[in-house]
Amino acid sequence: MWRDGVLVAGKDLRIEVRSRVVLHQVVPVGVLMLVLFAFALGPATAPMVAAAPGLFWVAVLFTGVLAVQRSAALEGGDGTRDGVRLSGLDPAGVFLGKTAAVTVQLVVLEVVLCAGVVLFYGAHVRSLGTLVASSAAGTVGLAAAGTLYGALAAGLRVRETLLPLLFLPVAAPVLVAGTKAWQSALGTSGVGADDPWLRLLLVFAVVYLALGVVIFGPLQEAP
Amino acid sequence: MSIAPPPPPWSGRRRRTVDVIGAAAVLGVAVTVWLGLWVTPPDQHLHDEVRLVYVHPPIAWVALYLAFGLAALSSVLWLWPRTRSGAWDRLAVASMEVGTVFTALTLVTGSIWGRATWGVWWAWDARLTSTALLLVLQLGYLAVRRVPADHEARARRSAVVALVAAVDVPIVHFSVDWWTTLHQGGTITNPNLSPTIHGAMAWTLLLGFVAFTLLFVWLLLVRYRVVVLAEWREDTELALALHERWAEGAPRAEPVAVPREGTVPAPPAGVGATESVGPAARG
């Protein structure tokens with residue numbers, strides 16, 4: 001399973017390094033969202049600083065949909081899904097590999113967005129540990145749930161519209177918990193109540209990773 | 001090619017059972033409304049607004065626990081190879097669809113109650129928000145359900161969506177504790193295990209739970225029946241359309257021409273007699 005996961009993650013990341021679709025198209029959309037949020041809330045910086053944690057996670061969620069769609073589209077070519085099924089790779093390994101590749105891409109996106117939040121909104125990072133831990137847990141959860149739904153919507157003619165409808169409500173706890181954790185990390189909430197939210201993010205990530213490992217096999221069998 | 005006969009309608013005892021459940025449900029809801037509006041006294045603090053307690057919690061119980069739980073359980077049983085059966089898939093979609101209506105009603109009655117007690121139609125209360133999310137998840141399930149596919153592919157996708165969405169239900173349940181909330185805690189199942197309402201109010205509330213549960217069961221059975229018929233229609237649509245085309249091409253004075261004798265039996269009575277022909281006939 002793990003070996004297959006590494007193979008699939010390497011394959012997806014290699015395609016991304018060569019095509020740079022996420023880097024050249026998805027990441028700029030995320031930055032654009034930060035700018036558009038500033039247009040909606042600015043030009044005073046105070047509202048932007050207060051809303052920065054939530055805006056960051058909203059941007060991650062929506063650009064995450066694009067990253068997940070791209071990840072699922074890699075197997076969208078003629079017969080590619082059948083090829084993966086016939087390759088003898090463990091479905092759980094395929095799921096973990098694709099989740100890992102999406103996680104790496106989202107981490108790159110989040111680093112850029114975090115820099116954007118600091119530069120554009122004037123936010124200050126008070127607790128780097130909380131910031132990194134909550135972002136990591138939230139990103140793994142988003143990638144796992146996204147990969148699961150991406151595989152489910154793959155091959156359907158309505159996948160572009162179906163995926164956000166399925167994925168965004170499920171990802172809502174990540175938005176809530178991630179925002180609360182970031183409020184503590186950026187010091188905008190003034191309380192250090194980050195522990196329950198970090199735990200919620202971890203539980204979310206573990207639950208959806210486990211679900212994906214169990215369900216991805218039967219899901220791949222759907223024509 | 002042969003045209004399968006339509007599934008038999010509810011017959012004899014089964015039909016009577018469904019009718020009895022339906023009648024009991026309608027009667028139960030009617031008596032609940034009568035008791036709730038005219039017989040039970042107003043509350044000391046909430047006055048007449050307390051009467052929503054006979055409707056809102058029973059509807060919420062059906063929506064959040066019974067319907068969604070049944071849909072999730074049926075989905076798991078479909079996904080499990082040993083218990084896989086089309087019946088579980090049909091039960092899941094029937095339960096989810098009826099449950100979606102009850103979830104919407106939960107939000108509507110909750111919103112009306114919120115207006116009466118909190119002064120606002122909508123508060124960003126944890127349970128309200130989670131229930132709204134659940135409604136969107138259920139709509140997502142129904143959207144997946146409407147994607148054209150063969151029975152097995154659709155059942156597989158739907159079962160996965162239901163299962164993944166089921167993870168949201170514990171969040172609904174525990175959100176009262178997780179987030180600061182305006183919503184009141186349990187009335188019947190409070191930690192002391194002693195109901196905080198008494199007499200006619202408690203009995204009316206209990207009747208409300210029974211009546212709305214019966215209403216759910218009745219709607220579930222009727223919807224299940226519609227799913228069976230819809231699947232039969234999907235399976236035989238092409239054969240029926242082809243049969244109609246062949247019938248149109250046959251000489252008027254002669255009986256219906258059949259290309260190869262015995263391969264296409266006559267359609268069941270009342271089916272295939274329509275003049276409209278779907279696009280499938282042209283394929």
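Which residues in H3(B) meet which residues in H5(B)? The points below begin with the conventions and then answer this.

1. Conventions. This is a predicted model, in which local features need pLDDT of at least 70 and side-chain atom pairs count only at pLDDT 80 or more, while totals for chains, interfaces and linings use all residues. Residues are numbered from 1 along each chain as its sequence is written, and chains are lettered from A and ligands numbered from 1 in the order in which they are written.

2. Helices H3 and H5 of chain B. B:Gly86, B:Asp89, B:Ala92, B:Val93 and B:Met96 in H3(B) meet B:His151, B:Ala155, B:Ser158, B:Ala159 and B:Ala162 in H5(B); two residues are in contact if their C-beta atoms, placed from the backbone, lie within 7 Å. By class, this contact has 6 nonpolar, 3 polar and 1 charged residues. Here Ala, Val, Leu, Ile, Met, Phe, Trp, Tyr, Cys and Pro count as nonpolar, Asp, Glu, Lys and Arg as charged, and the others, Gly among them, as polar.

3. Geometry of that pair. The axes of H3 (residues 86-117) and H5 (residues 151-166) of chain B come within 10 Å and cross at roughly 55°. Axes are lines fitted to C-alpha atoms, for helices over the stretch in contact, and angles run from 0 to 180 degrees between N-to-C directions. H3(B) and H5(B) are therefore oblique to each other: angles under 35 degrees count as roughly parallel, over 145 as roughly antiparallel, 65 to 115 as roughly perpendicular and the rest as oblique. Their crossing is left-handed, a term that applies if the near helix is turned anticlockwise from the far one by less than a right angle, and right-handed if clockwise.

4. Helix H5 of chain B. H5(B) has 16 residues and reaches 22 Å from its first C-alpha to its last, close to the 22 Å expected at 1.5 Å a residue; the expected span is 1.5 Å times one less than the number of residues. The buried residues of H5(B) include B:Ala155, B:Ser158, B:Ala159 and B:Ala162. A residue is buried if 20 or more other C-beta atoms lie within 10 Å of its own, exposed if 12 or fewer, and partly exposed in between, with C-beta atoms placed from the backbone.

5. B:Val144. This residue lies in helix H4 (residues 126-146) of chain B. With 24 C-beta neighbours inside 10 Å, B:Val144 counts as buried. Leaving aside its neighbours within four places in sequence, B:Val144 is in contact with A:Leu162, B:Arg157, B:Ser158 and B:Val161.

6. Helix H7 of chain B. The axes of H3(B) and H7 (residues 199-249) of chain B come within 8 Å and cross at roughly 130°; this pair is oblique, and its crossing is right-handed. The axes of H1 (residues 12-39) of chain B and H7(B) come within 8 Å and cross at roughly 150°, and these two helices are roughly antiparallel. H1(B) passes H7(B) in a left-handed crossing. By class, the contact of H1(B) with H7(B) has 18 nonpolar, 6 polar and no charged residues.

7. Chain B overall. Chain B has 7 helices and 0 strands; helices (H or I, at least four residues) and strands (E, at least two) are DSSP runs, numbered from the N terminus. Of the 283 residues of chain B, 31% count as buried. Among contacts in chain B with a separation of 6 or more, residues 24 or more positions apart account for 79%.

8. The contact between the chains. Chain A contributes 19 residues and chain B 18 residues. On the side of chain A that touches chain B, H6 (128-153), H7 (159-186) and H8 (195-220) of chain A each supply at least two residues. H7(A) gives the most to that side, with 7 residues. By class, the side of chain A that touches chain B has 18 nonpolar, no polar and 1 charged residues.

9. A:Arg20 and helix H2 of chain A. Most residues other than glycine have a negative phi. A:Arg20 has a positive phi of about 55° although it is not a glycine, and it lies in the loop between H1 (2-19) and H2 (21-41) of chain A. With 11 C-beta neighbours inside 10 Å, A:Arg20 counts as exposed. The buried residues of H2(A) are A:Val22, A:Val26, A:Val27, A:Gly30, A:Leu34 and A:Phe37, and what covers them includes H1, H3 (45-73) and H5 (91-121) of chain A.
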